[in-house]
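Please open the model in your viewer and keep the sequence panel beside it.

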Amino acid sequence: MRVIAECNSTESVWALVENQEIIEKVGTNGFNPFIQSRREISHTIRLELPDTFFKRRWEHVHIYGSGCSTAERKKLVELSAVAQFKTPVTVESNLLGVARGLLGENAGIACILSAGSNSCQYNGSEIVNKVRSLGFILGDEGSGSSLGRLLVSDCLKGLAPQEISSAFYEKYQITPEEVMDMVFSGRQAHIWLSKYSNFLNEHLDNDYVNQLVRTEFKRFFERNIFQYEYEKYPVSIVGNVACLFEQTLREVAHELGVEIGKIEASSLDGLIKYHSQEK
């Protein structure tokens, strides 16, 4: 039996798996080794997972996580997990997890559109090309945090239509001063900003909102996907933002000559299938 986990900065999903059957699946808070310490990650694992995940040594623990892009960060998460599971642990980036989960052993382009955004070209086992995401300040095009940042900025500057600005402040009961405090005093401002993508989806029939979303998705394709062999391979995407705006995303891709493959909320089922084929 194996433990397979998909982890991002806000939430994690852990599955106890035998062959391709999920014995138990549990959600916990997320973690990111760029933000949290080894001790904080260990606490999340030990205190939030049920005892069934620690009752014996498993065949292997596979963790695909946000921020696990360097050997140093992978090692930090690995040590945190080994201390709890007492089982061999392999830590890889969540982007590789998405590629393996969406594409299996097929080559293609895999992306994340969630609180952040990321993308890569995949050869059926490993990532062979990757455009830097750069985070929500320098990149993260098409992500929830980027969409939220654009909306909040326009509301604060008086650039959003009055009906949108009024609806925003009425829904969230927040002042401009509180917005500034959240953006500049919190460690996870990108997560806070990303929640406003739901507001945009609720008002997608508004011309201003529709254009904002379309323009940002266009930037995602132009600044990321166009650097891969997108004319040769379809683009598959995982993440809540991709699912929330699936129709708009597919329309923008079609206009740019990009073929969209799968759009899924999670790549966990595909990862379970991928690892069940290992000997």
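Begin by selecting Cys 155, which is buried at a relative accessible area of 6%, where buried stands for under 20% relative accessible area, exposed for over 50%, and partly exposed for anything in between, using a 1.4 Å probe and protein chains only. The model is a predicted one, in which local features need pLDDT of at least 70 and side-chain atom pairs count only at pLDDT 80 or more, while totals for chains, interfaces and linings use all residues. Residues are numbered from 1 along each chain as its sequence is written, and side-chain values use heavy atoms, with hydrogens and water left out.

Next, select Cys 120, which is also buried, at 0% relative accessibility. How far is the sulfur of Cys 120 from the closest cysteine sulfur? That closest sulfur belongs to Cys 111 and lies 7.3 Å away, which is too far for a bond. A disulfide is a pair of cysteine sulfur atoms within 2.5 Å, and by this rule the count is 0 disulfides.

Now turn to the charged side chains. Side chains of opposite charge can pair when their charged atoms come close. A salt bridge here is a side-chain nitrogen of Lys or Arg within 4 Å of a carboxyl oxygen of Asp or Glu, and a search of the whole structure finds 12 of them.

Select Arg 214 together with Glu 251, whose side chains form a salt bridge with an N to O distance of 2.3 Å. Arg 214 sits in helix α10 (residues 207-223) and Glu 251 in helix α12 (residues 246-255), so this pair ties together parts that are 37 residues apart in sequence. Helices are DSSP runs of H or I with at least four residues, and they are numbered from the N terminus. Glu 251 is partly exposed, with a relative accessible area of 29%.

Glu 255 is exposed, at 59% relative accessibility. Seen together, Arg 214, Glu 251 and Glu 255 are linked in a network of salt bridges.

Finally, stay in helix α12 and select Glu 246 and Arg 250, which are 4 residues apart and therefore separated by about one helical turn. Their side chains meet in a salt bridge of 3.0 Å, N to O. Glu 246 is partly exposed at 29% relative accessibility, and Arg 250 is partly exposed at 32%.

Technical notes: Helices (H or I, at least four residues) and strands (E, at least two) are DSSP runs, numbered from the N terminus.
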